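Hi everyone, thanks for making time. Let me put the structure up so that we can walk through it together.

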Amino acid sequence: MQSLEAELDDARQLAVDDLADAIESIGFECTRCGACCKADAEDDHTATVFPEEVRTLEESDSYDGDYDWRDIARPMPYGLSETGDGELEGETFEWALQTDDCGDCTFYEEDDSGMGACAAHDDRPLICQTYPFSVALAGTSQPMGEAVDEAGMVRAHECEGLGRDISRDDAEDLARALKERAVRELEEAIAVRDNYAPADRDPGEIVVHDSEGAKRADGTPLEE
């Protein structure tokens, strides 16, 4: 198995034209069905968001009002355990976009006809910009299940928009975002590994280890 650093080198050398060719061959058009933004029958929506992306959303002009870290991101639930009163505690290694009472992404909106939209579309995280595609590199994510189609290094995941015609310009835009996401995911993974130290946490507390160090559930550094 390659080291994360070797995988990062591979990600940085990905050719956008090759990724765009693969995306074109698979085909994709967003139908705005909202499936990638909503909870499924068993779990709340989970989409990885990087610390810098959280701050971008905090400063976004896409919506009115004051938003803090907890309005945008929550600790990724995987690896956490429930306390006796049903609250979560423990340590985890990622942030997920915040969800509403239905378990859907907090930024997901739906009009009267059921057409989906993102309230922060212009500032949405890379995983949202690139869904339903991922790159076949170790250390990069496979969002929402296993691949259902593939071409070259590109993997496509469950989505009703697959197989539809896509323009070359749109394929290249998607390819650039996909390469950026692959690089960022590996950079994050390396930084998490290098910064990790077991946390001295209180009972009932959640600690998130991200690329910037250990944080509380509200995004503040643990050592403060």
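Let's start with Glu 187 and Arg 12, whose side chains meet in a salt bridge at 3.1 Å, N to O. By salt bridge I mean a side-chain nitrogen of Lys or Arg within 4 Å of a carboxyl oxygen of Asp or Glu. Glu 187 sits in helix 6 (residues 168-195) and Arg 12 in helix 1 (residues 4-12), so this pair ties together parts that are 175 residues apart in sequence. Helices here are DSSP runs of H or I with at least four residues, strands are runs of E with at least two, and both are numbered from the N terminus.

A quick word on where this comes from: it is a predicted model, in which local features need pLDDT of at least 70 and side-chain atom pairs count only at pLDDT 80 or more, while totals for chains, interfaces and linings use all residues. Residues are numbered from 1 along each chain as its sequence is written, and side-chain values use heavy atoms, leaving out hydrogens and water.

Are Glu 52 and Arg 184, our next pair, buried or exposed? Buried means under 20% relative accessible area, exposed over 50%, and partly exposed in between, with a 1.4 Å probe and protein chains only. Glu 52 is exposed at 51%, and Arg 184 is buried at 16%. Their closest N and O atoms are 4.0 Å apart in a salt bridge. This pair also links distant parts of the chain, with Glu 52 in helix 3 and Arg 184 in helix 6, 132 residues apart.

Now a local pair: Asp 173 and Arg 176 form a salt bridge, with 2.6 Å between the closest N and O atoms. They are 3 residues apart in helix 6, so about one helical turn separates them. In total, the structure holds 18 salt bridges, and one network of them links Asp 17, Asp 21, Glu 24, Arg 168 and Glu 172.

Four strands form an open, mixed sheet in the order 2-3-10-11; two strands pair if DSSP finds at least two bridges between them. Strand 2 (81-82) and strand 11 (213-216) are at the edges with a single partner strand each, so one side of each has no neighbour in the sheet. Strands 2 and 3 form a hairpin with 5 residues between them, and Gly 86 in the turn has a positive phi of about 85°. Strand 3 runs parallel to strand 10 (residues 206-210), joined by 3 bridges, and Glu 91 has Val 207 as its bridge partner in strand 10.
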